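Colleague: Please take one part of this model and look at it closely for me. I would like the nonpolar surface, with the cut-offs spelled out.

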Amino acid sequence: MEIIYLIVGVVAGFIIAYLIFKLKGKSSDNKILEVRSEFGKTQAQLEERVSNLQSEKEKLTSELDQAVNQNEQHLQRLAKAEVEFTTLREKLATQKQEVEELQK
């Protein structure tokens, strides 16, 4: 996410530098107002983009948390199944021995 902020900052920096150089070439007040308006629009677009990225990050974080919880639940079920399998295998071996002893 820091990379996104860095990219947004660099883009904003380039836009500001562009606007400053554009501003130096213009001498009238109307031109200054146009540049400020343009800057305001660009800033609003960038802020909206950051907001969208933050909400997407929150959504993905939530999905990741759910996946991690689900994974933990599956691991617990697997561990229980393995214990049950081992217990049943031991019980089967014991019963086989008992049957063999009874057949003798």
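Modeller: The chain carries 15 positive and 17 negative side chains, and the centres of the two sets lie 8 Å apart (Lys and Arg count as positive, Asp and Glu as negative, His and chain ends are left out; places are NZ of Lys, CZ of Arg, CG of Asp or CD of Glu). The model is predicted: local features need pLDDT of at least 70, side-chain atom pairs 80 or more, while totals for chains, interfaces and linings use all residues. Numbering runs from 1 along each chain as its sequence is written, and side-chain values use heavy atoms, without hydrogens or water.

There are 2 helices and 0 strands (DSSP runs, H or I of at least four residues, E of at least two, numbered from the N terminus). The C-alpha trace spans about 115 × 15 × 10 Å along its principal axes. Of the 104 residues, 7% count as buried (under 20% relative accessible area; exposed is over 50%, partly exposed in between; 1.4 Å probe, protein chains only).

Now the patch. Ile3, Ile7 and Val11 make a nonpolar surface patch of about 270 Å² (members have over 30% relative accessible area and no salt bridge; nonpolar side chains are joined within 5 Å). Ile7 sits in helix H1, residues 2-25. Its relative accessibility is 48%, so Ile7 counts as partly exposed.

How values were computed
Patches are made of residues with over 30% relative accessible area and no salt bridge: like charges are joined within 9 Å, nonpolar side chains (Val, Leu, Ile, Met, Phe, Trp, Tyr) within 5 Å. Accessible areas come from the Shrake-Rupley method with a 1.4 Å probe; for residues, only the protein chains shown count as cover. A salt bridge is a side-chain nitrogen of Lys or Arg within 4 Å of a carboxyl oxygen of Asp or Glu.
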